[in-house]
Amino acid sequence: MNDIRRNIDFYKTLFEFTNDSILVLDYKGCIDFQSLSLSYDSDFAEIDKTGKSFFDIVSEKDILYVKDLFQTVLKNPGKKYELECKINLTHELQFHIKGVFTNQLLNDNIKGILIVASDVTGKIDVKKEDKIYKKYQQFLSDTALNSLELSNKTDIDRKSTRLN
């Protein structure tokens, strides 16, 4: 009994300190196991999705892609596929995850479809902010150049001659 307790504590500690989320799905896509590591501190009892369909938490935008990928994973045991999608754990909690999707139904230790993913929500937000910043920067640059073009070349040459 001590060995069993030690093994449980060992794996529980590993899951608590990993930066990745781990989900195990059955062959229908229902969540058999979850260990979520997300950029939001929450009472995980509120977001326990064990027994629910993984497809119920995938965003509407990504659902067809994820369902197609799931079918591909089912047909190819042991092969790893890259998964990237947005998930909605609650109405307020939405995350963008990126990771590996693999069929481990034949693995006696796992017996399921394994998803190991990282929360990349912050990275996506930074990319969006950078894109917006570059757009504004380009707008300001274009505006400055356009205002210089309002004067004709002769006016600009006269002004630069007076400065010298």
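Here is a quick tour of this structure, from the overall fold down to a few single residues. Keep in mind that you are looking at a predicted model. The protein has four helices and five strands, and along the sequence they come in the pattern α-β-β-α-β-β-β-α-α. Of its 164 residues, 30% are buried.

**The sheet as a whole**

- The five strands come together in an open sheet, ordered β2-β1-β5-β4-β3, and the pairing is antiparallel.
- Strands β2 and β3 (80-88) sit at the edges with a single partner strand each, so one side of each has no neighbour in the sheet.
- From one strand to the next, the twist averages 25°.
- As a bit of background, side chains in a regular strand alternate between the two faces of the sheet.

- Strand β1 covers residues 21-25 and strand β2 covers residues 31-35; the two pair antiparallel over four bridges.
- To find this pairing on screen, look for isoleucine 22, which stands opposite serine 35 in β2.
- Another spot to check is leucine 25, whose bridge partner in β2 is isoleucine 31.
- Five residues lie between the two strands of this hairpin, and glycine 29 takes a positive phi near 100° there.

**Around β5**

- Strand β5 is mostly covered, with six of its eight residues buried.
- On the β1 side, five bridges make the antiparallel link between β1 and β5, and leucine 23 stands opposite isoleucine 115 in β5.
- On the β4 side, eight bridges hold the antiparallel pairing of β4 and β5, with threonine 102 opposite leucine 114 in β5.
- Lysine 111 has a positive phi of about 50°, even though it is not a glycine.

- Helix α1 spans residues 2-17, and phenylalanine 10 is found in it.
- With a relative accessible area of 47%, phenylalanine 10 falls between the 20% and 50% cut-offs, so it counts as partly exposed.
- Helix α2 runs over residues 63-75 and includes valine 66.
- Valine 66 counts as buried because its relative accessibility is 0%.
- Valine 66 and leucine 83 are 17 residues apart along the chain, and their C-alpha atoms are separated by 7.8 Å.

**The cysteines**

- What about disulfides? In general, a disulfide is a covalent bond between the sulfur atoms of two cysteines.
- The test here asks for a pair of cysteine sulfur atoms within 2.5 Å, and by this rule the count is zero.
- Is cysteine 85 buried or exposed? Cysteine 85 has 0% relative accessibility, so it is classed as buried.
- Cysteine 30 is at 23% relative accessibility, so it is classed as partly exposed.

Technical notes. Residues numbered from 1 in each chain as written. Predicted model: local features only at pLDDT ≥ 70, side-chain atom pairs only at ≥ 80, totals over all residues. Heavy atoms only, no water. Buried < 20%, exposed > 50% of the residue type's maximum accessible area, 1.4 Å probe, protein only. Pairing = 2+ DSSP bridges. Axes fitted to C-alpha atoms, helices over the stretch in contact; angles between N-to-C directions.
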